[in-house]
Amino acid sequence: MISHHSILRRVKNSRIAWTLLILALVLLFNLVFTKGFFHIEIKDGHLFGSLIDILNRAAPTMLLAIGMTFVIATGGVDLSVGAVVAISGALAASMVGGKLVLKGDVQEYISIYPMWLAIAAALLVSLASGIWNGLLVSRAKIQPMVATLILMVAGRGVAQLITNGQIITIYYKSYHYIGTGYLLGLPFTVFIVGLVLLVAWLLARKTAIGLFVESVGGNRTASRLAGINSANVILSVYTFCGFCAGIAGLIVSSNVKSADGNNAGLWSELDAILAVVIGGTSFTGGRFYLMGSVVGALIIQSLTTTIYSVGVPPEINLVVKAIVVFIVSLLQSESFRKTVFGNPAGKGRVSA
Amino acid sequence: MKPLLEMKGICKTFPGVKALSNVNFRLYRGEVHGLMGENGAGKSTLIKVLTGVYKLDEGEILLDGIRVEATSPQHAQMMGISTVYQEINLCPNLTVAENIFIGREPMKHGRIDWKEMNKRAELVLGRLNIYIDVTRLLSTYSIAVQQMVAIARAVDISAKVLILDEPTSSLDAAETEQLFKVMRKLKSEGYAIIFVTHFLDQVYEISDRITILRNGELVGEYKTESLPKVELIAKMIGKELAELDYLPGEKKSACGGKERRLLLSARGVGRRGTIAPFDLDIYEGEILGLAGLLGSGRTETARLLFGADRADEGEVELEGKKMSSMTPRSAIGHRIAFCPEDRKEEGIIGDLTVRENIILALQARKGWFRYIGRKEQEEIADKFIKALNISTPGSEQLVKNLSGGNQQKVILARWLATDPKILILDEPTRGIDIGAKAEIQKIILSLCKAGLGILFISSEMDEVLRCSHRIAVLRDRVKIAELTGDEMDEQVIMHTIARGHTS
């Protein structure tokens, strides 16, 4: 029988509980200070409101965080996801673009290449970027931060080459649907994130990949001796991370209806890393928490939205964000919690 | 002549362990003094007490007749006691000269005088007859040279007592000889050197006297020339020669039956600088023990057979099939299992649960997509928790929260779950309590009865004798003998190790 006490203890030691608590606190703050924050209304069959807005805007970060979770769980990091967002967006935008044609009397923009081809190309290039990172880390044995730094810097150059240094505007209407469309009353991006999350969860928990990732991140030598091909595990997590970044790139470019090699996804790798860490996955590798990372991304977006809606002067809003992130990180730190809240009882040693 | 260094009645207790009890140690000027003992004998504790890493509980240390007590290795160094460790405590990314003078660089006009520093570094090394380019990075030189740089640094900081802790363990024969030259030079200049090693020949080659410790107690201090090797071994492992003449009459036969099937046969397998080429056969239903002192190449042998390290010569046949190259994955594919010596670094994955640790190797063999369902995982875990009597609140406990013995059982379970034909056990009973030890030995014997071929490594000779049907003896990284039947007794093994071959 599970006693009341032990449920409490399990909640206290559970990572996701702390992450959810933080999200709840941010939302609670809005309940008190932001009028109409929780108001959701239906316009033209679509749901509108701050909460829906947060879900929609957080989509790219959530996608990046999902991919990044696996990478961080192996003890690595991928700094290049922001650049991959730019590459993916640039490629799709330049292939879709928009050509003005006359259909009868109506002027209409059509896609230069078929849209599915543009999307496929963007995703393939993102996959290739991930494979590149994965090979550098797993085969060339370059430290992850250095290995992915290469593409982080070079990738922006690639994106600008694709767009010829211009900001490409996307006129083709159908492409706008990816980032701004609605399905069943909800933003289409929510479904994209949901699908990727589902795939990630299936890979993590219904195949052996999740176990291998945690094992390699926990103890690489022991994993090798247990017969796990850790090089391939590492290669695959970077590949998946690149793929997620590619999808995020499509959403970002569709959202702003343009591709800017310089600024698309700028610093988004840092938000993704932060989301993963807030979500409870340790930077040293090992256990990972997919849902935690997604909630982490939501916290970051809620925070941004809150700061804007409360009307914090723009010059200090980064400071406010920093303070909140600082508090969140403290709450996630086990040794901090131990010092402040006392030693959790569930940590007893078992002896033979 | 009065000793330069005298340690009297040294006692040191750690929670639950008496690491040193009433140990005396004397060191004279101009001598090399071998400090010998098996694992856990207290050698490193004694050195750490001397160099101020640990505070002594009782006893006193006299240096030049004056009572001293070092509070830190830096403090000991200031008093003239320097240590050079096996893993070199220098910075590979600095130059040789920088390493020698780090923290005490010669200055000129408030800046480092590089010219002077390099000149003095060459001088310091020249005293040891080492002539190298001191402006190159330390990492560009071999371990042997790095070690000598460390010695040069220690000597230059006016050491009187130089402690060399396993300095030769990663050196080849020529490099060792080079190091010995340096040691002899220092000795002739009046330095006193404490030499800690596992290599018998080396102690006899270089040391003047030997102090032996066992289980934290002093066995005795001897002149090297008047202590036969076999007696040294006997004293290290704690058996008097007379006592060894008595033998338990019990003899074992292979439990697999008459028709023994050859599972693994290694021919001329070796790896440079690790273990000399050896031949080894493992049969079905038989336990092959590896005997030898610490550092004799037992672990290295096991690692080559599993492919944990790559052999650079020789070949392995598995059930008559030639293997091109062994990797852990191919070994596992051929149903070989390996419990490594270093449980924590190479065995368990502490942050994962007991269940996950147990199914890991099985899942790794099945691959990424033939996932073992959660329910089946739990069944496997529960089966082994029960079979091996693993003491845990449940299969969802994190492995790092278990005791050493139970962690060992979890690793054993991980391999048994893969249904192996060959099981390589490197020190499966190290550092676990008596009860768990007996249990693991029982498990090993019953696995052998079930037909597994087992390679069994243990530092405890008793244990090897009790469990094995055949024993391969190693010394100084060479396989020197294989003993069966009547030859399998402690005295024969010790004489074999002492002589370096069978009679």
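This is a predicted model: local features need pLDDT of at least 70, side-chain atom pairs count only at pLDDT 80 or more; totals for chains, interfaces and linings use all residues.
1. Glu166(B) lies in the loop that connects β9 (161-165) and α6 (173-188) of chain B. Although Glu166(B) is not a glycine, its phi is positive, at about 50 degrees. Most residues other than glycine have a negative phi. Glu166(B) is classed as partly exposed because 19 other C-beta atoms lie within 10 Å, whereas a buried residue requires 20 or more.

2. A second case of this kind is Asp419(B), for which phi is near 55 degrees, again a positive value in a residue other than glycine. Asp419(B) belongs to the loop between α15 and β19 of chain B. Asp419(B) has 11 C-beta neighbours inside 10 Å and therefore counts as exposed.

3. Strand β18 covers residues 336-339 of chain B. Ile336(B) and Phe338(B) point one way from β18(B), while Ala337(B) and Cys339(B) point the other way. All four of these residues are buried.

4. Strand β16 (residues 313-318) of chain B takes part in two antiparallel pairings. With strand β13 (residues 262-271) of chain B the pairing extends over five bridges, and the bridge partner of Leu264(B) in β16(B) is Leu318(B).

5. The contact between the chains draws 35 residues from chain B and 24 residues from chain A. On the side of chain B that touches chain A, the elements that give two or more residues are α11 (328-333), α12 (343-347), α13 (354-366) and α15 (404-416) of chain B. Of these, α13(B) gives the most, with six residues. By residue class, this side of chain B divides into 17 nonpolar, 10 polar and eight charged residues.

6. Chain A comprises 15 helices and eight strands. For its 352 residues, a compact globule would have a radius of gyration near 20 Å; the value for chain A is 22 Å, which agrees. Along the principal axes, the C-alpha atoms of chain A fill a box of roughly 85 × 55 × 40 Å. Buried residues account for 48% of the chain. Among contacts in chain A with a separation of 6 or more, 78% come from residues 24 or more positions apart.

7. Which part of chain A has pLDDT below 50? The mean pLDDT of chain A is 85, and 92% of its residues reach 70 or more. The stretch with values below 50 is residues 344-352 of chain A. Beyond near neighbours in sequence, that stretch has 21 contacts in the model.

8. Helix α12(A) is mostly covered, with 10 of its 11 residues buried. Among the buried residues of α12(A) are Ser268(A), Glu269(A), Asp271(A), Leu274(A) and Ile278(A). The helix is followed by Gly280(A), whose phi is positive, near 105 degrees.

9. Leaving aside residues up to four places away in sequence, Asp271(A) touches Thr61(A) and Ile300(A). Ile178(A) is 93 residues from Asp271(A) along the chain, and their C-alpha atoms are separated by 22 Å.

Conventions:
Residues are numbered from 1 along each chain as its sequence is written. Chains are lettered from A and ligands numbered from 1 in the order in which they are written. Two residues are in contact if their C-beta atoms, placed from the backbone, lie within 7 Å. Helices (H or I, at least four residues) and strands (E, at least two) are DSSP runs, numbered from the N terminus. Ala, Val, Leu, Ile, Met, Phe, Trp, Tyr, Cys and Pro count as nonpolar, Asp, Glu, Lys and Arg as charged, and the others, Gly among them, as polar. pLDDT is the predictor's confidence in each residue, from 0 to 100. A residue is buried if 20 or more other C-beta atoms lie within 10 Å of its own, exposed if 12 or fewer, and partly exposed in between; C-beta atoms are placed from the backbone. The radius of gyration is taken over C-alpha atoms; the globule rule is 2.2 Å times the number of residues to the power 0.38. Two strands pair if DSSP finds at least two bridges between them.
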